Amino acid sequence: MAHTHDPLFDRRTVLVTMALAMAASRSLAAADTRPEVRIWKDPSCGCCGAWGDHLARAGFPIHVVEVADMTAVKSRLGVPGDLQSCHTAEVGKYVLEGHVPASAVVRLLAESPNIRGLAVPGMPIGSPGMEVKGIAPDTYIVSAFMADGTYSDFMMFTGASPSG
């Protein structure tokens with residue numbers, strides 16, 4: 001039996017392939033436009049690396065800087081004392097303190113509010129980088145803080161998922 005050429009099939013294949021390529025390219029372009037997150041962490045901290053991995057999976061390029069004196073970093077970047085956690089980061093013009101979920105960072109960058117940064121004080125169980133198998137995640141607040149040290153609620157999360 002001779003093979004016949006079906007121009008409709010070829011056209012459909014080309015159109016589907018083009019649509020898939022365009023969708024993939026849009027997805028890559030969105031990830032390529034995310035700014036680098038520079039993370040300062042103590043060399044012995046494991047959860048800090050896990051938080052960085054969470055951001056990397058969300059499409060943020062990561063640059064880790066290990067430092068022995070985290071207090072100096074937090075002071076230089078203006079993190080209020082009662083919002084401090086284990087690691088500190090910068091993304092664009094903002095400071096990130098602690099286990100801030102990637103979706104809060106995406107919202108921060110999209111809305112570009114007039115604040116100094118976001119913080120998750122302490123180390124809530126289930127926050128990105130603080131997941132513990134078999135233990136239910138905490139519900140916690142991501143705080144928006146100003147240069148003068150005041151702060152307010154930005155988002156509420158249960159684990160890495162927005163809630164409330």
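Leucine 77 counts as buried because its relative accessibility is 3%. Buried here means under 20% relative accessible area, exposed means over 50%, and partly exposed lies in between (1.4 Å probe, protein chains only). Leucine 77 belongs to helix α3, residues 70-77. Helices (H or I, at least four residues) and strands (E, at least two) are DSSP runs, numbered from the N terminus.

This is a predicted model: local features need pLDDT of at least 70, side-chain atom pairs count only at pLDDT 80 or more, and totals for chains, interfaces and linings use all residues. Residues are numbered from 1 along each chain as its sequence is written, and side-chain values use heavy atoms, with hydrogens and water left out.

Neighbours within four places in sequence aside, leucine 77 is in contact (heavy atoms within 4.5 Å) with Trp40, Thr88, Glu90, Val95 and Arg116. Glycine 117 lies 40 residues from leucine 77 in sequence. In space, their C-alpha atoms are 9.5 Å apart.

Now the strands. Two strands pair if DSSP finds at least two bridges between them. The table lists two pairs.

| Strands | Direction | Bridges |
|---|---|---|
| β6 (residues 139-145) and β7 (residues 151-158) | antiparallel | seven bridges |
| β7 and β8 (residues 161-163) | antiparallel | three bridges |

Phenylalanine 157 in β7 stands opposite tyrosine 140. Phenylalanine 157 also stands opposite proline 162 in β8.

Each pair forms a hairpin. Between β6 and β7 there are five residues, and glycine 149 takes a positive phi near 95°. Between β7 and β8 there are two residues. Glycine 159, in that turn, has a positive phi of about 65°.
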